[in-house]
Amino acid sequence: MNKVLSHTTLDVEQIRKDFPILKREVNGKPLIYLDNAATSQTPQQVIDVIVDYYSNYNANIHRGVHSLSQEATDAYEQARIKIQKHFNAKLSHEIIFTSGTTHGINLVANGFSSLLKKGDEIIVSALEHHSNIVPWQMLCERTGAILKVIPMNTDGELVISEFEKLLNPNTKLVFVNHVSNALGTINPIETIIEKAHNVGAAVLVDGAQAAPHIKANVQELDVDFYVCSAHKMCGPTGVGILYGKEEWLKKLPPYQGGGEMIAEVTFEKTTYADLPHKFEAGTPNICGGIAFGAALDYMNTVGFNTLANYENELLEYATSQLQAIEGVKIYGTSKHKTSVISFNVGNIHPYDIGTILDKLGIAVRTGHHCAQPIMDYFKIPGTVRASFMFYNTKEEVDTFIASLKKAIMMLS
Amino acid sequence: MTIEEIQNEIIDEFSMFDDWEERYQYMIDLGKTLPLIDDNYKTEDHIIKGCQSKVWVHAEMNEDKVAFTADSDAIITKGIIAILIRVFSNQHPKDIIEANTDFIDKIGLKDHLSPTRANGLVSMIKQLKMYAIAYQTQLN
């Protein structure tokens, strides 16, 4: 991280004015939103783009001869280029619009079903979201491939020496998240990609949790596939992207049949459209794609170095305050983390804490965070998860800590 | 006491509280009075589905009345199930089946619960009534 840019360059009070939702109250208390890892809030600049789209140029894209359709197509394709530039993809058609991260993962998993044979191996990490495990289990059932798992240590970090042992010439695909949603661990994807490539395996990285905090450079990483969702990056829900190297996207068969994805159709044979349309069957989330571009503009204006430094300060501040509370145990203690804290207090159930915090206007996540294997590893039913974004403040952390103390008092 | 009388008693108790904090504190205290389920019954079969925390319920026929025992790993949930059991336990199955559950709204319980918990509440009531239906069938 670039330490030269200190938090003083981030005017949080000014930034908060961009987010109308932060002005509201919940249960009579000012909202303190600490569930950013589930979904981030939307700035006025992005809301304006959504309103502008439906107010002024709502039309179906790529087909219409009329002006509105042309305007919508231009805006949608410009958004694709913004996203390409943001992730430094070589070509704009390497960016496929999806409905979100899960869609992107399923698209790749489905594509690999035609490339895998019995005895091939897929490696996933122990730090995955449920939705990330299921598609690979389904793929293995269909193809007879074998699923292997990179284990983690007690700090919630992947054990790279064990990963190395799993790699062999049968390894065809490695799937890992850039950042764990349950624990916030930043995984060493550079190393994972390099080692996987050494045995000829492709790598798919789930960037859902990383993309709001870290600007991934897909060419520098040399990653084969990278997926993320707009709604965790100040954009709307229901839209995301799959980045894939052109050579890989050409190899994979289309995922869904429908409009947009075809070149020619007769009852004998259909030829598929070129990239990216081959993977974009049907009318896409046009407004969502355009708004995703606007969200990236917003975040790039704030600056990823600036926001990451500031969020890191919030993380350190909140972590030290939490650690000072008797009975608090933090899960995920890697030195390399995004601004996520998963914790429990003594034997108090996470739902009890979440319920009382909600009464005090504080939004946190409770439960297993769709990462049951991680919870099983720590032998806990779930955790309370507080996740911070650049629009959160130290004052909010103070209120969160005071409210947590109150909840503990009530529940003990 | 009839189910209705117990419900009115609970409504009276909750009407004394001015704010959510007192209500919750009372609910947590009520959880401590819950007739606990025997550990042998804390199995998958006794878990109520639809709750975000674990809730186990067991029912037994005591002469012609149904007696419930329960437990939960979350303390607020324990309070909620304690209230329900106070209403429904040691009642005739027929009365349990026919019982109105408006009192939940009247004590502000549903308002003060998150949607996931409110759903859990519905599942709990359903489960208690299911036991009553099963015993009623035996009596017939």
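Author: A:Lys329 has A:Asn344 of S14(A) as its bridge partner. S13(A) and S14(A) run antiparallel and are joined by 4 bridges; two strands count as paired if DSSP finds at least two bridges between them. Helices (H or I, at least four residues) and strands (E, at least two) are DSSP runs, numbered from the N terminus. This is a predicted model, in which local features need pLDDT of at least 70 and side-chain atom pairs count only at pLDDT 80 or more, while totals for chains, interfaces and linings use all residues. Residues are numbered from 1 along each chain as its sequence is written, and chains are lettered from A and ligands numbered from 1 in the order in which they are written.

The pair S13(A) and S14(A) belongs to an open sheet of 4 strands in chain A, with the order S13-S14-S17-S16 and antiparallel pairing. Strand S13 (328-331) and strand S16 (365-367) of chain A are the edge strands, each pairing on one side only. On average, neighbouring strands of this sheet are turned by 30 degrees against each other, direction ignored. Helix H12 (residues 350-359) of chain A packs on the sheet and touches S14, S16 and strand S17 (383-387) of chain A. The direction of H12 makes about 155 degrees with that of S16(A). Axes are lines fitted to C-alpha atoms, for helices over the stretch in contact, and angles run from 0 to 180 degrees between N-to-C directions. Two residues are in contact if their C-beta atoms, placed from the backbone, lie within 7 Å.

Chain A comprises domain 1 (7-39 + 304-411) and domain 2 (47-300), with bounds from an automatic or database domain assignment. Taken over C-alpha atoms, the centres of domain 1 and domain 2 of chain A are separated by 28 Å. Domain 1 of chain A gives 22 residues to the contact and domain 2 of chain A gives 26 residues. On the side of domain 1 of chain A that touches domain 2 of chain A, the elements that give two or more residues are helix H11 (304-323), strand S14 (340-345) and helix H13 (372-378) of chain A. H13(A) provides the largest share of that side, 4 residues. By class, this side of domain 1 of chain A has 10 nonpolar, 10 polar and 2 charged residues. Here Ala, Val, Leu, Ile, Met, Phe, Trp, Tyr, Cys and Pro count as nonpolar, Asp, Glu, Lys and Arg as charged, and the others, Gly among them, as polar.
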